[in-house]
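Thank you for making the time this morning.

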Amino acid sequence: MSVYVLVHGAWRGSWCWKRVRGALEARGHEVFTPTLTGVADRQHLLSPQVDLDTHITDVVNLIRWEELSAAALCGHSYGGCVVSGVADRIPDRIGALVYLDAFVLENGQSLHDALPPEVRDAQLEGTRQVGEGWKVPPIPAEEFNVNARDRDWVNRQCSMQPLATFQQPIHLTGEIDRIENVTFILANGWAPSPFPPFYEKAKAKGWKTLTMACGHDVMLDKPEELVEALLAVAPRSAAPAH
């Protein structure tokens, strides 16, 4: 059995992992898909104070209280920022790290630092217009080239993202470098995408890399392919001692 912790991207929640979670569980694996504070089924906790550290702590605490070890930790999109922070805090609990069409931040960098200026400025303008200055409205599913069948559903399901999660710089101590099993998956079926430079950096670092011909939401467009990729990288896990 392997243990998976799958972390969603901005504006999304646990709901986006349904297909992948079900497929992995059907094969006997243990799967956790936490919804981060302030979005989706936890949007009642949305506030200006919710930042990147809040979301890192969400996942760290899940792993600690569920007593997980050798977990395969996967972050999609903004979730890449979250899993980097988690892996740096508790590297001894992480058996594999997967960036799924995701941001890979350097120490002291925020997500907005890693975005093209015109994308960042458009987000800030949307925040000013409809987000009371601190909530970022979702990017339409069409811009991410989500498959046509799922677009309306994704647009209904997405919720506001607290701006501080995009603006708070990540603090990395270097402990993340202890994790040797790292994979970057690039979705190359949509454009313009900010993720090809992270894919190239991943190759230069010697990480495992692969591409999938689909839109940004790989777990919706190519769930079967993603499941196979996750099965290939996950270590086997022993059950926690009680």
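This is a predicted model: local features need pLDDT of at least 70, side-chain atom pairs count only at pLDDT 80 or more; totals for chains, interfaces and linings use all residues.

Let me start with a question: does Phe198 count as buried or exposed? With a relative accessibility of 7%, Phe198 counts as buried, because the cut-off for that class is anything under 20%.

A pair of aromatic rings is described by the distance of the centres and the angle of the planes. By the rule applied here, the count comes to 10 aromatic pairs. In one of them, the rings of Trp15 and Trp153 have centres 5.1 Å apart and planes at 75 degrees, and because an angle over 60 degrees falls in that class, the pair is edge-to-face. This pair links distant parts of the chain, since Trp15 sits in the loop between E1 and H1 while Trp153 belongs to helix H6, 138 residues apart. Both Trp15 and Trp153 are buried.

Phe195 and Phe198 also form an aromatic pair, this one tilted, with 6.3 Å from centre to centre and 40 degrees between the planes. Phe195 is buried as well, its relative accessible area being 2%.

Now to the charged side chains. Side chains of opposite charge can pair when their charged atoms come close. How many salt bridges does a search of the whole structure find? The search finds 12, and I will describe some of them.

Arg12 forms a salt bridge with Asp217, with the closest N and O atoms 2.7 Å apart. Here too the pair links distant parts of the chain, with Arg12 in the loop between strand E1 (3-7) and helix H1 (18-26), and Asp217 in the loop between strand E8 (208-212) and helix H9 (218-221), 205 residues apart. Arg12 counts as buried at 2% relative accessibility, and Asp217 counts as buried at 0%.

The side chains of Arg19 and Asp150 likewise meet in a salt bridge, at 2.8 Å from N to O. Because Arg19 lies in helix H1 and Asp150 in the loop between strand E5 (135-136) and helix H6 (151-157), the pair ties together parts that are 131 residues apart in sequence. Arg19 is partly exposed, with a relative accessible area of 31%, whereas Asp150 is buried, with a value of 3%.

Lys135 forms a salt bridge with Glu132, where the closest N and O atoms are 2.5 Å apart. Lys135 counts as buried at 14% relative accessibility, while Glu132 is exposed, with a relative accessible area of 60%. As for shared partners, salt bridges join Arg19, Arg149 and Asp150 into one network.

Let me finish with a residue from a loop. Where does Ser110 lie? Ser110 is found in the loop between strand E4 (94-100) and helix H4 (111-114), and at 3% relative accessibility Ser110 counts as buried. Which residues does Ser110 contact, leaving aside its neighbours within four places in sequence? With those neighbours set aside, Ser110 is in contact with Leu105, Phe166, Gln167, Gln168 and Pro169.

Note on methods:
Residues are numbered from 1 along each chain as its sequence is written. Side-chain values use heavy atoms; hydrogens and water are left out. Helices (H or I, at least four residues) and strands (E, at least two) are DSSP runs, numbered from the N terminus. Buried means under 20% relative accessible area, exposed over 50%, partly exposed in between (1.4 Å probe, protein chains only). Contact means heavy atoms within 4.5 Å. A salt bridge is a side-chain nitrogen of Lys or Arg within 4 Å of a carboxyl oxygen of Asp or Glu. Rings of Phe, Tyr and Trp (its six-membered ring) pair if their centres lie within 6.5 Å; planes under 30 degrees apart count as stacked, over 60 as edge-to-face and the rest as tilted.
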